[in-house]
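Below is a short briefing on selected parts of one protein model. It is grouped by topic.

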Amino acid sequence: MPLAPTTAATARTPALLLGVAISTHRAAAAGAFVVSATAAGCRKALSTTTGPFRLDGRIGTSASTVFAVPTRPRVSAAPASIVSVNQVRTKTFRKGVSKSQRRYFRHVEKLKAEGKPVPPIRRNVLENRFWKVVGNMKIYKNVSNGCRHRRHAVRFHLHKGTCVRRLSIGKRSRGGRNITGKITVRHQGGGHKRRLRKVDFFRHMPGPQEVVRLEYDPNRTAELALLRSLSTNEFSYIVRPAGLNPGDVVQSYRAGVPAADERGEPIPKNALVRPGNALRLRDIPVGSLIHCIGLRPGGPAQLCRSAGTCAQLIATGLVAGAGAGAGRPATEMAQVRLSSKEVRLIPVDCVATVGVVGNEDHQHRVWGKAGASRRRGVRPATRGIAMNPPDHPTGGGGKSKGNKPPRSPWGWLTKGWKTV
C-alpha cells in the first residue's frame with residue numbers, strides 16, 4: 001500500500017516509525033518517486049526542506065517533504081539529477097603558502113615581467129620512499145625483505161652510461177671449471193655479464209692528463225677514472241684515488257721528475273705530490289700515502305689496488321744485497337708499510353701513485369639478500385656437517401660435531417695441524 005509523505009509532527013515521533021521500512025522506485029509514467037512500506041525497522045527520519053538527504057549512501061535533494069529512511073534502503077533506477085556521485089568527506093587540512101615560497105613567487109614574477117629566464121629549482125635528492133642518504137652511505141628502507149638491511153656507498157658522482165668499448169673486452173665466465181669441464185673452484189657460476197676494463201697500471205704516457213669522468217667497475221671494489229691526454233687525446237683508465245674529480249689534471253713521472261717545467265722554472269713539491277700523480281719511490285717524500293705500487297722497475301702496479309687501501313713510505317735510500325754471494329750487485333731499496341702493518345723492501349725505481357684508493361666506504365656495504373650475491377657470480381655453499389659421509393669428512397651423523405677438527409672436502413685440516 002502506498003505510504004503518503006509524513007509530516008514534521010510525525011517525523012518527531014519515533015514510535016510511529018517503528019516496524020516500517022521504505023523502499024523507493026521510479027514511477028513509470030510520471031517519473032516521480034513512489035514510497036512503499038514493508039515490515040522492517042526504521043532508523044530515523046530526515047527532512048529535506050533545508051538541506052540534502054542521504055539515499056542509499058548517496059546525496060540527493062527533494063521538495064519540502066519528510067521521508068522515513070529505512071535501516072538498509074534500496075534504490076533502483078534513481079535519476080542522475082537526484083543522486084550525486086560525490087561523497088561526503090571531512091574537511092582536510094591544507095598547509096598554506098610559507099613566507100619563503102611567497103618571496104620566491106614574487107621573484108619569479110619579477111623575472112618574467114623583465115623578460116629574464118627563470119632558473120630551474122635544483123633539489124638534492126637525499127631521501128625518497130625507498131632509500132635515504134646518511135653520510136656517504138645509501139641506506140635502503142624497510143619496504144621489502146631484501147631491502148631491510150641493504151646499504152652501499154653513494155654512486156651519484158659516477159657515470160651513468162657504459163664504459164669505453166675499445167678500452168674493454170668481453171669476459172667469458174667459466175663457472176669455476178677448467179678446460180676439461182671439471183669444477184676446480186667451487187661456489188662460482190652465473191651472474192650478470194661483465195666487460196673487463198683495460199686499466200693502465202704502467203702509466204707510461206707522459207704529459208698532463210685530464211680526468212674526463214668517474215666510472216663504476218664491476219670487476220673490482222675501487223672506482224675508475226677516465227683520463228684524456230692533453231697532447232695526444234688518447235684515453236686510458238686508472239684506479240681513482242680519493243679526492244680526484246672530473247676536471248683535475250694528473251701526470252706520470254715514470255721516467256723521473258724533470259729539472260724544470262716548460263717555462264724553465266723548477267717544479268714545486270706540492271705540484272708533484274698530488275692524488276693521481278705517478279712517481280718513482282725515490283721522488284716521493286717520506287711519510288706520504290701511496291697506492292698502486294709496483295714490485296719491480298718497469299713493472300705494473302701490484303699492491304694496494306682495492307677500495308680504501310694505501311701504504312706509507314717509511315724510508316728510501318736503503319742499500320740491500322751488498323756483499324751477497326755470486327757477485328750480486330747492491331740495490332737501493334725503500335721501506336713501505338702496508339695496510340696489514342707488514343713492512344716490505346721495494347726497489348726505489350718502482351713506480352707508485354700518490355694518495356689513497358677511493359670508495360673507502362665499500363667495507364660497510366650490505367647486499368641484503370642472496371640474489372645480490374648470485375648476480376655477482378657467487379653460488380651457494382653447503383656446510384660439510386650437513387652432507388653425507390661420502391661427500392665430506394665431517395658429514396653424516398646427527399647435529400653433533402663428533403669431536404672432529406674441521407676439514408676440507410679432501411680431508412685437509414682447514415685450521416692447520418698442531419704446532420706444539
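Which side chain does a polar contact of 3.2 Å join to that of S229? It is the side chain of S231, where a polar contact is a pair of N or O atoms within 3.5 Å; within protein, one must be able to donate a hydrogen and the other to accept it, and residues adjacent in sequence count only if both atoms are side-chain atoms.

This is a predicted model, in which local features need pLDDT of at least 70, side-chain atom pairs count only at pLDDT 80 or more, and totals for chains, interfaces and linings use all residues. Residues are numbered from 1 along each chain as its sequence is written, and side-chain values use heavy atoms, with hydrogens and water left out.

**S229**
- S229 belongs to strand 14, residues 224-229; helices (H or I, at least four residues) and strands (E, at least two) are DSSP runs numbered from the N terminus.
- The relative accessible area of S229 is 0%, so the residue is buried (under 20%; exposed is over 50% and partly exposed in between, with a 1.4 Å probe and protein chains only).
- Not counting residues up to four places away in sequence, S229 touches M205, P208, Q209 and E234, contact meaning heavy atoms within 4.5 Å.

**R197**
- R197 is in strand 12, residues 195-197.
- R197 is buried but has no salt bridge (a side-chain nitrogen of Lys or Arg within 4 Å of a carboxyl oxygen of Asp or Glu).
- The nearest side chain of opposite charge is D217, 4.1 Å away; Lys and Arg count as positive, Asp and Glu as negative, and His and the chain ends are not counted.
- A polar atom of the R197 side chain lies 2.7 Å from the backbone oxygen of R195.
- Beyond neighbours within four places in sequence, the contacts of R197 include Y216, D217, L224 and Y237.

**Nonpolar cores**
- The largest nonpolar core has 19 residues; such a core is a set of buried Ala, Val, Leu, Ile, Met, Phe, Trp, Tyr and Cys residues joined through side-chain atoms within 4.5 Å.
- Strand 22 (311-320), strand 23 (331-337) and strand 25 (351-354) are the elements that give two or more residues to this core.
- I346 is among the residues with the most contacts inside the largest core.
- A second, separate core of 13 residues includes V199, F201, L224 and V357.

**Helix 2 and its end**
- E114 is placed in helix 2 and is partly exposed, with a relative accessible area of 43%.
- The side chains of E114 and K116 are joined by a polar contact of 3.3 Å.
- Just after helix 2, G115 has a positive phi of about 80°.
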